[in-house]
Amino acid sequence: MSRETKRRTARLIALLALTALCALVVFTMRIRDTKRMTAALDPIAPDTARDFMSASLVYDAGTRTFRGTQTLRATNRTGEDLEEIVLRAMMNGVSEDSVSITNVTVDGESVRAQTDEEDPTVVRIPVSWASGATVELAWTLMIRHAKESTASLITLPQLAVWENGAWRTDEYDALCDAPFAQALDYTLSVNAADASPLVFGGALTDARWETGVGETMYAVQMQGARDMTFAVGSGQSVRCREIGGVLVSAQATSAGCAEDLLGAAQKALSSLEAIGLPYPFPSLTLVEAETGFSDGRVCSGLAALPVDGGSEALCQRVTRLVARQTFGVQVGIDPYNAPWLSASLASAAELLAYAQRKGERALNTRLEEEIAMADRVTRPYGVTVGASLAHFGSDAERTQVLRDQGGSMLLGIAQAAGEPAFLDALRLYAQESAGKIAAQADFERALLAATGSAWDGYLADELTF
């Protein structure tokens, strides 16, 4: 080979290398622009109105394990002096030993935490906690999640609910959504390999790509949350879009499915906004995942759901999940004993949003063809809209009763009182019950104030018979 040929070959190789490098940079920037869209929010700090949680975790994809520390700053608002604090630790889909809480301290002093033998989700921490006093709990955390074909949801330990003079420690039901806690604010940081993308219920405020290390550091925050939940998946596609001032992220098994989720979110957010039920948080995350629920699972700022059934079915499902961020997260409910306050109210909101998108004739057709069947089915004793989850034998039965029959029941009020008055009641209920764990009486008061009529008799009949 001549010297000139060698020079040409060297220049060609250099040019090809430079082209490949530029392509890699462009590809990298596209990935960053797609996956690392962040919200411009002021940093949050502890507030006297709500408890404050912070966590710092590192993810090991090889063992599917998160390790780090978690801190809770909580105020005793029970009105009683307590001798213990109880945490609830979701098992995150693996086994009883998939969550470990060790090295617990209370105000810097080491204490010995105990796990209930019959229920490993219950962690008891001894502490003299006077009414009105604030304490700081800290612990070392380990969570190992199951290997899934879709994304895995991770819910961090949270403070149990104090109710009727005792900590609520009843077992989580297979049909029950995870979040059931007092409202709190939180900050979260997670380090994870770039090959294991994460999406969060809270707003992503920073995502730094550690060049040369192959890791991303995520910083997240949320106010008024009921839980700290995020999703991790290997090989998942993530897409982001700002919709009406809400930062929406979608994680799915393909880019096409992620775009479908974003499209459904845009319709859901705009149609709910149009009927006066705007989304209550600055960010929304949708995750394609197998939850065991036909309508998906709701966590604070995050919803996991199957992506199937066509675009209209997906839009309806996403709309109900978005509405449940108001009726179930912003307004807390007891998901075991009063699930209708979330599922049925969200269904009614979705049906009215559907009418806004498609028109009244389309709504009437849908009510007759899809939902009227739920009203005509004879139920076994106790399987009613107002039933606890103990009465439902399957997700299909729960969906037909709480979603279809419950939504139809509430539309009966809208038709009798007028849709504007009914929507006023929903808005008033959401406004006055925000941050609380609401009960049926709170909804009845909102109906009375907005419509001028008492609906407790109607609800009693519809919820129990």
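Q: In what order do the strands of the open sheet of three strands stand?
A: In this predicted model, the sheet has antiparallel pairing. β9 (152-155) and β14 (198-200) are the edge strands, each pairing on one side only. From one strand to the next, the twist averages 25°. The order is β9-β17-β14.

Q: Which strands stand at the edges of the open sheet formed by four strands?
A: The order of this sheet is β6-β7-β3-β10, and the pairing is antiparallel. An edge strand here has a single partner strand, so one side of it is left without a neighbour in the sheet. The strands in that position are β6 (114-115) and β10 (158-159).

Q: What is the bridge partner of T115 in β7?
A: β6 and strand β7 (residues 122-129) run antiparallel. Two bridges join them. The partner of T115 is V123.

Q: How many bridges join β1 to β13, and how many pair β1 with β2?
A: Strand β1 (residues 51-60) runs parallel to strand β13 (residues 184-193), and L57 stands opposite V190 in β13. With strand β2 (residues 65-75), β1 pairs in the antiparallel sense, and there M53 has L72 as its bridge partner. The counts are eight bridges for β1 with β13 and nine for β1 with β2.

Q: Which residue in the hairpin of β1 and β2 takes a positive phi?
A: The hairpin has four residues between the strands. The phi in question is near 55°, and the residue that takes it is R64.

Q: Are α5 and α6 roughly parallel or roughly perpendicular?
A: The axes of helix α5 (residues 360-376) and helix α6 (residues 395-417) come within 8 Å. They cross at roughly 105°. Angles of 65 to 115 degrees count as roughly perpendicular, so α5 is to α6 roughly perpendicular.

Q: How do the residues of the contact of α5 with α6 divide by class?
A: On the α5 side the contact has L367, I371, M373, A374 and D375. These meet Q400, D404, Q405, S408 and L411 in α6. The division is five nonpolar, three polar and two charged.

Q: What is the handedness of the crossing of α8 and α9?
A: Helix α8 (residues 440-451) and helix α9 (residues 456-464) have axes 10 Å apart and pack at an angle of about 135°. The two helices are therefore oblique to each other. Their crossing is right-handed.

Q: Which residues of α9 make the contact with α8?
A: From α8, the contact takes in Q440, F443, E444 and L447. By class, the contact of α8 with α9 has four nonpolar, one polar and two charged residues. The α9 residues are D456, L459 and L463.

Q: Is T285 buried or exposed?
A: T285 has its place in strand β20 (residues 283-288). Leaving aside residues up to four places away in sequence, T285 touches V199, F200, S249, G301, L302 and A303. The relative accessible area of T285 is 2%, and the cut-off for this class is under 20%, so T285 is buried.

Key. Residues are numbered from 1 along each chain as its sequence is written. This is a predicted model: local features need pLDDT of at least 70, side-chain atom pairs count only at pLDDT 80 or more; totals for chains, interfaces and linings use all residues. Side-chain values use heavy atoms; hydrogens and water are left out. Buried means under 20% relative accessible area, exposed over 50%, partly exposed in between (1.4 Å probe, protein chains only). Contact means heavy atoms within 4.5 Å. Axes are lines fitted to C-alpha atoms, for helices over the stretch in contact, and angles run from 0 to 180 degrees between N-to-C directions. Angles under 35 degrees count as roughly parallel, over 145 as roughly antiparallel, 65 to 115 as roughly perpendicular and the rest as oblique. Ala, Val, Leu, Ile, Met, Phe, Trp, Tyr, Cys and Pro count as nonpolar, Asp, Glu, Lys and Arg as charged, and the others, Gly among them, as polar. Two strands pair if DSSP finds at least two bridges between them. A crossing is left-handed if the near helix is turned anticlockwise from the far one by less than a right angle, and right-handed if clockwise.
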